[in-house]
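Please consult the sequence and the structure shown below alongside the text.

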Amino acid sequence: MLGFWKFIRSVRQLELHRLILLLIIFCLFSMCFLAYYVSNNPKIKEAPPLPLSDCGAGSSGVQRAPLFVSPQTSRHFVKTVENLRTEPTVLVFVESIYSQLSQEIMAILESSRFKYIEISPGKGEMPPMKDNDKGRFALIVFENILKYVNLETQNREQLDKYCVEYGVGMIGFFKANENSLLSAQLKGFPLYLHSNLGLRDYRINPNAPLLYITRANEVDKGPLPGEDWTVFQSNHSTYEPVLLASTKSAETFSHLSSHRALHATVVQDLGLHDGIQRVLFGNNLSFWLHKLIFVDSIAYLTSKRLCLSLDRYLLVDIDDIFVGKEGTRMKVSDVEHQRAHQDPVALNHTFYQVVSATPSASPELQALQSRCLTPGKYAVHLHRWLQHFQASQLLVVDGTQLRLNPVVVMEGIQRFLGITPLFNYTQALMFDEAKGFWCQRMENGRPKCLGKNKGRKYPEMDPESRTFLSHFYLEHNMDLLKLLDRLGQTLPVWLREELQNTSWS
């Protein structure tokens, strides 16, 4: 009986060993599968928290640059360092000042009014990085990221030390060509590049910390232009995908996983590997979305010291407000120019026939009538603007006052926009007696006026047309009066006069 129990115990121990062995094998298999899945399929996660700051200095006037301090730190919780120790200047290493990419980089910097210094191969490898204890550059840009990774050891160490010490980020591009390897590791980094790919279905990762102007929305369906795209692959936590796409064909690119997987074409290096934050592009700036990401990268890596404000001002040019002196009339050539459009409705009908057309008129005549009358329904158009903007954001300018006293009006516009310091238009404008209106004052004291076809005084409107238009716009002008009064806007001179004249007629 004792032998029987010993046998049972040995069988149970054997089964327990087998169970433990199976659990170990299962865990190893799961870990391998998870590592492969993470490295080959960058995932779009939830949206990131709000940016640390907006463009410009905060209340303290101190700018702060994000710097990740350890792999254990959460990907979006950063330690900040003062970033006023560097000049707000970009250092750009270009392959050639005539290359397309270098021209695009400098064009964006110039249009954004960012200061930059361009270094080409003929100007030496490395400029002085410091001026006393202050860094000369707030951002480094490499047209070709391979130029950075292949720097001489001393220059590379000097540049890396500067970036870490002063919290300076880096932007790099890799543009594949016919000689590029299909797959290669970026020297010195846990990052692999797969090049000369055709991609499709572009999308933005809403979790990318650098997003500012760019906003993640729907997938941009369809193939991307070109067959020379590069994607980045890594299982290191320092890399966050920014833009992602799928390959066009799984058969052509056997070194990648299924074409249904998402591959990062732009990645953000969070600085967990070597303390330097970077943004790497797997193509140039020809694609429109890359231009936005490039601008966002500049803003993020410089802690918004170099960035574009999200405020936008719109100028709606209704018509010409300048009236020339007496005696200037339309010429035959002006009329012939209008006839050159060969609009049969305009040629075969008088002005009064056009504006007074009834609903039974031809569709062509009604269309021309609408083009003539609809722009004058000011209240209708203002109501549409107020659906998108607050009343405090709108300023109605009296065209008559702008024509007679532009200096005072322009000063009021500047105060409304909060422009400081105010621009002195007294020195910039002068009244031209020959033209009969205000013109730009040049450095030599001479006026620079609008073209010859501007500022004409046109013949008086025939009484029949004026009477019709006065009655047609009466209701619209009353709506405009009520709207401007409700908005607290000053009534234009022409509106008061028009309503007075109409009430007496």
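In α2, Ile 105, Ile 108 and Leu 109 meet Lys 291, Phe 294, Val 295 and Ile 298 of α5, a contact being heavy atoms within 4.5 Å. The contact of α2 with α5 comprises six nonpolar residues, no polar ones and one charged residue; Ala, Val, Leu, Ile, Met, Phe, Trp, Tyr, Cys and Pro count as nonpolar, Asp, Glu, Lys and Arg as charged, and the others, Gly among them, as polar.

The model is predicted: local features need pLDDT of at least 70 and side-chain atom pairs count only at pLDDT 80 or more, whereas totals for chains, interfaces and linings use all residues. Residues are numbered from 1 along each chain as its sequence is written, and side-chain values use heavy atoms, with hydrogens and water left out.

**Helix packing**

- Helix α2 spans residues 100-111 and helix α5 residues 288-301; helices (H or I, at least four residues) and strands (E, at least two) are DSSP runs, numbered from the N terminus.
- The two helices pack at an angle of about 60°, with their axes 11 Å apart.
- That angle makes α2 oblique to α5, where under 35 degrees counts as roughly parallel, over 145 as roughly antiparallel, 65 to 115 as roughly perpendicular and the rest as oblique.
- Axes are lines fitted to C-alpha atoms, for helices over the stretch in contact, and angles run from 0 to 180 degrees between N-to-C directions.

**Nonpolar cores**

- The largest nonpolar core has 38 residues, and those with the most contacts inside it are Ile 105, Ile 171, Phe 173, Tyr 202 and Phe 294; such a core is a set of buried Ala, Val, Leu, Ile, Met, Phe, Trp, Tyr and Cys residues joined through side-chain atoms within 4.5 Å.
- Helix α5 supplies the largest share of this core, seven residues.
- A second, separate core of 30 residues includes Phe 142, Ala 176, Val 267 and Leu 280.
- Beyond four places in sequence, the contacts of Ile 171 include Leu 139, Phe 142, Phe 281, Phe 294 and Ile 298.

- Asp 160 lies in helix α4 (residues 153-166) and, at 18% relative accessibility, counts as buried (buried is under 20% relative accessible area, exposed over 50%, partly exposed in between; 1.4 Å probe, protein chains only).
- Leaving aside neighbours within four places in sequence, Asp 160 contacts Tyr 148, Ile 276 and Arg 278.
- Arg 85 sits in the loop between β2 (79-82) and β3 (89-93) and is partly exposed at 35% relative accessibility.
- With neighbours within four places again set aside, Arg 85 contacts Lys 134, Gly 135, Glu 165 and Tyr 166.
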